[in-house]
Amino acid sequence: MVDVLASLRSLMSSHSPPLDALVVPSEDCHQSEYVSARDKRRAFVSGFTGSAGLAVITMNEALLWTDGRYFLQATQQLSKQWKLMRIGEDPAVDTWMADNLPEDAIIGVDQWCVSVDTAQKWERAFSRKKQKLIHTPNNLVDEIWSDRPPAAINPVVIHPVEFAGKSVTDKLMELRGRLAQENASGIIITTLDEVAWLYNVRGSDVSYCPVVHSFTVVTARSAFFYVDQRKMSSEVNSYMKENGIEVREYEVVSSDVVLLSSGRLNGSSSATEEVQGKDPEDMQIVLTENSEVNGLNKVAGNQLLIWVDPESCCYALYSKLNSEEVFLHQSPLALSKALKNPVELEGLKNAHIRDGAAVVQYLAWLDIQMQNIYGAPGYFSENKLHEKKITEGTKLTEVSVSDKLESFRAAKEYFRGLSFPTISSVGPNAAIMHYSPEPKSCAELDPNCIYLCDSGAQYSDGTTDITRTVHFGSPTAHEKECYTAVLKGHISIGNARFPNGTNGHTLDILARVPLWKYGLDYRHGTGHGIGSYLNVHEGPHLISFRPLARNVPLQASMTVTDEPGYYEDGNFGIRLENVLIVNEANTPFNFGDKGYLSFEHITWAPYQNKMIDVSLLTSEEVDWVNSYHARCREILASHLNETDLSWLNKATEPLA
């Protein structure tokens, strides 16, 4: 077996100049949170498989930085060769390197796998100690990864307007309007879900994320799609041409960015004629008016800016531009994508109804199985266990039951796959926030332990994400108390009303106050955006204690999850999660003439009544649970058979 660290250190020594440290990020060329198998370099070198983390290898040490979601998982997965660095508790990676590496140290990184923001931040930190960040010509990990998975050749598919709700023509026109407003001649788009959203296409290059490995450049008069053309059918090629989009090979983006910088990037005239020929008046109104005002007709004059998102654009492309002619700002598509149009909102609501029915079917099935196989009192009762004879063929595991849940979802209309690996976790495993069970090592279900299931699906009309925590035996008073505190925080977020301009950092505290009362907390954010048949984690907004959540206020028509939790290492984990839509609120008054916002739940599945200590709820919270459960019965009734509906009716009986 190859000693990965020894092999990398050998390459570091022979590099010109020799490297004192090598940084191995989690991200791919598109700064993706979730990456394809061939891009999991950090997992390959460290053994840590969480979605967030960064590895640093020196000649004497190997360190792994990750956040609170993964502390426990990293402790279990890292070998003795590695040291875990806890983000928020240990020094930041740039601080550690500046303080612990010698002066004049050379630190290497693949410039395709690091963002502009991050690279510039590191450069500033290192320069204080005369250290230097250099960009290696090749990725050193790839040189030693002999069995690196090949690039998948998966087809690009068209996402119909009946689901997208807005045509490519309209999206390009709006984007070009934004370019004109900022005096920009063009924009480089590197984020995979932004490319997919803009061009109304989907793919399967990254597991669970319906995206295509691709780049996009849009100028005032041209649009380009950089993709492995083996993925393009004649139908999709025709679709691109009809929408004025020129298809070029994936690798050509590098040379085209150089042309863009010098004002020499021109699309074929046929593509421009195609899109203008569809509706010249509509297509040109924004371009013509804004071009005259801002001088966009002078693109070749090199007087305009190139728009680059510093958080998502890789340094490799940015380095090909004249930095003085770059507009470093968040991509306008991030917010456009987050503000769902009416068709997307309706699709998300419908997808969550079908998904809720699948979750109810699953819970009803699992309830029966736990009783029949393990003698559990079940979902509703807290009586003692009855003895049952468990055989190897009948036992339930974290993987086998999650597979069953997937089968219920797969039977639903428009199902396209899961939106992330199901977190099906029992007892101590539930305390690992992003636990991913494996068939050979997963735990067997235990009626004496809490079971946490965080799962979601991709449907053509929406993406879902739901967490429910249940107990099929007799939960302890402590478990009930913790569950109820999580539920109270969950209700508090969902019931919030707040003025326009409020960000998710401000709201995050609402979910934590009930837990803080007992000295409890959790290390993850409280909410994230969710895509419309796109990524399950979608920005730019968040509900979180992290400073990043201050950057973008919540706005009407955004989606966001509501998912507080509590995790007791070695014992259990609790999380409750619904997807919410941000709506305008009808308040009696309007202080400051700001306008107010509220949330609408679109996830439908019961909370477990026997896990709730009703004595800890206010009368308003009891009313809310009863009202939500009544809505579950009403909304899901037509999607369930008689047996499952009977189970749901019992699961949603009013709290006493």
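In this predicted model, the C-alpha centres of domain 2 and domain 3 are separated by 35 Å. The domain assignment places domain 2 at residues 157–266 together with 303–336, and domain 3 at residues 342–651, while domain 1 is given as residues 4–144. The contact between domain 2 and domain 3 draws on 18 residues from domain 2 and 21 residues from domain 3. Together the two domains bury about 1500 Å² between them, and 62% of this area lies on carbon and sulfur atoms. On the side of domain 2, the residues that lose the most area to domain 3 are Phe163, Asp193 and Tyr208, which together account for 40% of what that side buries.

With regard to polar interactions, 3 residue pairs are in polar contact between domain 2 and domain 3, counted where both residues have a pLDDT of 80 or more, whereas the number of salt bridges found across this interface is 0. Three helices, namely helix 7 (161–164), helix 9 (192–199) and helix 15 (332–338), each contribute at least two residues to the side of domain 2 that touches domain 3. Of the elements on that side, helix 7 provides the largest share, with 4 residues. By residue class, the side of domain 2 that touches domain 3 comprises 11 nonpolar, 3 polar and 4 charged residues.

Two annotated regions were also examined. The unreviewed UniProt entry places a feature named "domain: Creatinase N-terminal" at residues 6–130, and over these residues the chain is 34% helix and 18% strand, with the end C-alpha atoms 27 Å apart.

Several features of the backbone geometry can be assigned to particular elements. Ser16 and Pro17 are joined by a cis peptide bond, for which omega is about 0 degrees, and Pro17 is located in the loop between helix 1 (4–14) and strand 1 (21–25). A cis peptide bond also runs from Gly539 to Pro540, with omega near 10 degrees; here Pro540 belongs to strand 23, which covers residues 538–543. Lys130, a residue other than glycine, has a positive phi value near 60 degrees, and Lys130 is found in the loop between helix 5 (116–127) and strand 6 (132–135).

Side chains of opposite charge can pair when their charged atoms come close. The structure contains 24 salt bridges, and one of these is formed by the side chains of Arg575 and Asp454, with a distance of 2.9 Å from N to O.

Methods: Residues are numbered from 1 along each chain as its sequence is written. This is a predicted model: local features need pLDDT of at least 70, side-chain atom pairs count only at pLDDT 80 or more; totals for chains, interfaces and linings use all residues. Side-chain values use heavy atoms; hydrogens and water are left out. Domain bounds come from an automatic or database domain assignment. Contact means heavy atoms within 4.5 Å. Buried area is the accessible area (1.4 Å probe) that two parts lose on being put together, summed over both. A salt bridge is a side-chain nitrogen of Lys or Arg within 4 Å of a carboxyl oxygen of Asp or Glu. A polar contact is a pair of N or O atoms within 3.5 Å; within protein, one must be able to donate a hydrogen and the other to accept it, and residues adjacent in sequence count only if both atoms are side-chain atoms. Ala, Val, Leu, Ile, Met, Phe, Trp, Tyr, Cys and Pro count as nonpolar, Asp, Glu, Lys and Arg as charged, and the others, Gly among them, as polar. UniProt positions are given in the numbering used here, feature names are shortened, and annotations may be inferred rather than shown by experiment.
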